[in-house]
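Please look at the sequence and the structure together as I speak.

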Amino acid sequence: MHQRPAAAATKTPDQHPSDRPAAGTVLLRGGFVYSPADPFATAMVVDGDTVAWVGSEGAADSFADGVDEVVHLDGALVTPAFVDAHVHTTATGLALTGLDLGPARTLADALARTAAYADAHPGDRVLLGHGWDDSRWPEGRPPTRAELDRAVHGRPLYLARTDVHSAAVTSALLALVPGAADLPGHHETGPVTRDAHHAARAAAYAAVTPAQRAAAQRAALRHAAARGIGSLHECAGPDISSQDDLTGLLALAAAEPGPRVHGYWAEPVTGPADLDRLRDLGALGAGGDLFVDGSLGSHTAALHAPYADADHLGVTYLDADTIARHLTVCTQAGVQAGFHAIGDAALAAVVDGVRAAAATAGTGRVRALRHRVEHAELMTAETIAAFAEFGLIASVQPAFDATWGGDDGMYAARLGRERARTLNPYAAMTRAGVPLVLGSDSPVTPLDPWGAVRAAAFHRTPGHRVSARAAFNAHTRGGWRAAGRDDAGVLTPGAPADYAVWQVGDLVVQTPDERVANWSTDPRSGTPGLPDLTPGTPLPTALRTVVAGRTVHHPPNG
């Protein structure tokens with residue numbers, strides 16, 4: 001039994017041009033449709049900007065003559081479009097179009113690439129680069145200021161470390177920062193951190209013209225669409241970008257076809273004026289990278305016990321009263337709040353703030369707003385239980401574990417192997433009922449959603465692995481739920497027509513528990529399959545990405 005396509009549902013206003021009604025009705029057939037409505041679906045009908053029907057190939061025949069377009073899938077897989085729940089769009093675009101030091105395998109290589117880039121860009125007021133990671137270099141150290149001064153012949157240069165919590169800069173760049181030498185985090189010869197880093201980044205980005213910024217944003221959005229990403233959560237703030245950067249991005253996304261953009265603004269809220277600023281900016285919530293601490297790579301994540309390779313506890317940027325005030329004011333105003341917290345001390349501080357907000361505003365109101373914590377890496381049993389109690393969303397980046405995890409990785413160097421093995425415990429969080437949403441923190445790690453699903457399913461610590469299906473749902477429907485929408489991120493009648501078409505190999509069900517896997521692959525279980533994500537196998541390729549019924553990516557041969 002099948003039903004005729006339903007009328008397009010009334011849409012909640014959203015900042016995206018695709019919310020204007022898409023023209024026509026489309027039948028996709030002859031492939032595989034990942035849908036809880038029918039685990040064996042091979043076809044789907046889209047009516048304007050809404051999924052109207054999913055079902056079998058035989059039933060699709062009755063729609064073929066009444067639609068405006070038929071797309072023959074030829075065995076391709078159709079899934080909901082991904083949601084990347086943590087992105088820095090302009091920085092991603094600048095990394096894509098500028099100096100990317102991620103491929104540099106030695107310090108000498110990084111310096112050579114920097115020098116070559118400077119020579120090739122003589123007109124740039126400030127040279128911008130990203131992605132160096134000294135933990136991967138045989139020299140085991142970052143570039144010195146003197147080395148960079150020589151490499152670029154004394155020009156202003158800002159090179160963000162891969163985690164974007166410190167930067168290697170030249171003397172000429174620091175000369176643009178009044179009082180730089182007196183700021184916390186300033187170092188005479190090495191990278192800057194803390195306030196000195198935030199000031200250096202602001203000076204560097206001030207040299208980016210509005211045209212350059214828009215070009216970078218377009219490049220990032222095109223890149224996201226080409227990877228099957230239909231929505232981005234932009235994590236902006238005064239210590240990361242600027243108000244102009246966020247409003248410019250939201251305006252661009254509202255004017256041009258591409259992925260949807262949901263903005264977050266990371267500035268402590270203390271009263272009505274701060275809430276008014278959020279509304280003026282068009283921000284969805286008061287969170288994202290509101291820093292409670294920094295990062296493990298830059299030794300600025302806040303810990304209860306000292307680093308294994310440094311005799312200190314990291315950095316705390318927000319005190320308990322500020323955290324509690326931010327959460328309380330946001331909760332009372334009905335605004336989603338959030339923080340960046342990586343270390344166990346930072347996460348404990350967030351939990352204490354949530355308890356204070358719940359005591360004032362009520363646990364039910366706290367839970368209803370789905371407050372977020374970005375990264376949430378060094379979780380304990382106590383913080384996991386508190387996240388579940390208060391409905392806190394953990395916005396996590398599985399690529400962090402794939403990049404820096406393992407007994408010989410950067411995490412182990414910073415924390416020691418035993419403590420590093422406790423990082424990113426996705427399985428325990430999932431069992432406790434903590435909602436997970438997945439993202440990249442691009443440009444920290446690339447926009448690569450299938451790679452993120454693989455990293456969660458094949459976590460370097462086996463006990464922390466979750467099923468590919470759980471990770472996929474966290475990277476699609478989970479991202480929508482984090483943004484307050486429960487009707488999206490899934491291909492069912494009435495849902496927004498945000499989807500991607502993939503070239504894939506075999507479809508399988510991958511879970512950490514072999515008994516579950518054996519049952520899930522039995523046709524009687526009705527569990528839809530996903531691409532085989534076993535490490536070493538090719539990841540799916542996006543043939544088409546559609547947002548609200550409008551194609552935003554379709555390569556010529558796709």
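**Overall form and one proline**

Let me begin with the size of the chain, noting at once that this is a predicted model. A compact globule of 558 residues would have a radius of gyration near 24 Å, and the value for this chain is 23 Å, so the two agree.

Next, what is the chain built from? It contains 21 helices and 23 strands. How far apart in sequence are the residues that touch? If we take contacts between residues at least 6 apart in sequence, 71% of them join residues at least 24 apart.

I turn now to the interior and the surface. Of the 558 residues, 58% count as buried. The accessible surface comes to about 21300 Å², and carbon and sulfur atoms account for 52% of that area. As for charge, the chain carries 44 positive and 60 negative charges, and their mean positions lie 2 Å apart.

Where does Pro496 sit? Pro496 belongs to the loop that runs between helix H20 (477–482) and strand S19 (499–503). Is Pro496 buried or exposed? Its relative accessible area is 4%, and the cut-off for a buried residue is under 20%, so Pro496 is buried.

Methods. Residues are numbered from 1 along each chain as its sequence is written. This is a predicted model: local features need pLDDT of at least 70, side-chain atom pairs count only at pLDDT 80 or more; totals for chains, interfaces and linings use all residues. Side-chain values use heavy atoms; hydrogens and water are left out. Helices (H or I, at least four residues) and strands (E, at least two) are DSSP runs, numbered from the N terminus. The radius of gyration is taken over C-alpha atoms; the globule rule is 2.2 Å times the number of residues to the power 0.38. Buried means under 20% relative accessible area, exposed over 50%, partly exposed in between (1.4 Å probe, protein chains only). Contact means heavy atoms within 4.5 Å. Accessible areas come from the Shrake-Rupley method with a 1.4 Å probe; for residues, only the protein chains shown count as cover. Lys and Arg count as positive and Asp and Glu as negative; His and the chain ends are not counted. The place of a charge is taken as NZ of Lys, CZ of Arg, CG of Asp or CD of Glu.
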